[in-house]
Amino acid sequence: QVQLVESGGGLVQAGASLRLSCAASGFTFATYSMAWFRQAPGKEREFVAAISYSGMTYYADSVKGRFTISRDNAKNTVYLQINSLKPEDTAVYYCAAGSVTRSPMNYRYWGQGTQVTVSS
């Protein structure tokens, strides 16, 4: 059974940092590209960052320089380090596994999401 379980979200003040984790099981993690998406209330799900199975990273322009995606294949875990949080970063953050693109349509497996709320 495939599972992606996100953790690390919370309520923080603007300027703070968070580290999101996504623990994967039930598939060959090392052969999949992994990504983070986010969805704010009333908005479509948007691409945040992705990392290929070989470690290449990709970011949305809105998060470049503040977000860092990484993976630990030994732990079947992908991370998202978020620095200098802004109120506009408030959203549910989802982890996904699939082909490395910016489109959610190309991701096969999804987690349940973790809420990040940034107060001003």
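**Exercise 1.** Determine whether serine 52 is buried or exposed.

*Solution.* Serine 52 has a relative accessibility of 5% and therefore counts as buried; the term buried applies under 20% relative accessible area, exposed over 50%, and partly exposed in between (1.4 Å probe, protein chains only). The model is predicted: local features need pLDDT of at least 70, side-chain atom pairs count only at pLDDT 80 or more, and totals for chains, interfaces and linings use all residues. Residues are numbered from 1 along each chain as its sequence is written, and side-chain values use heavy atoms, with hydrogens and water left out.

Next, locate the residue. Serine 52 belongs to the loop between strand S5 (46-51) and strand S6 (57-59); strands (E, at least two residues) are DSSP runs, numbered from the N terminus. Finally, list its neighbours. Leaving aside residues up to four places away in sequence, serine 52 touches Ser33, Arg71 and Val100, where contact means heavy atoms within 4.5 Å.

**Exercise 2.** Identify which residues make the nonpolar surface patch of about 250 Å², and classify methionine 56 by its accessibility.

*Solution.* The patch is made by Met56, Tyr58 and Val100. Patches consist of residues with over 30% relative accessible area and no salt bridge; like charges are joined within 9 Å, and nonpolar side chains (Val, Leu, Ile, Met, Phe, Trp, Tyr) within 5 Å. Accessible areas come from the Shrake-Rupley method with a 1.4 Å probe, and for residues only the protein chains shown count as cover. Methionine 56 sits in the loop between S5 and S6. Its relative accessibility is 49%, so methionine 56 counts as partly exposed.

**Exercise 3.** State how many salt bridges the structure holds, and describe the network that links some of their residues.

*Solution.* There are four salt bridges, each a side-chain nitrogen of Lys or Arg within 4 Å of a carboxyl oxygen of Asp or Glu.

- Arginine 38 pairs with glutamate 46, their closest N and O atoms being 2.6 Å apart. Arginine 38 is buried at 6% relative accessibility, whereas glutamate 46 is partly exposed at 35%.
- Aspartate 89 pairs with arginine 66, the closest N and O atoms being 2.7 Å apart. Aspartate 89 lies in the loop between S8 and S9 and arginine 66 in the loop between S6 and S7, so this pair ties together parts that are 23 residues apart in sequence. Both aspartate 89 and arginine 66 are buried.

The network of salt bridges links Arg38, Glu46, Arg66 and Asp89.

Note on methods:
Helices (H or I, at least four residues) and strands (E, at least two) are DSSP runs, numbered from the N terminus.
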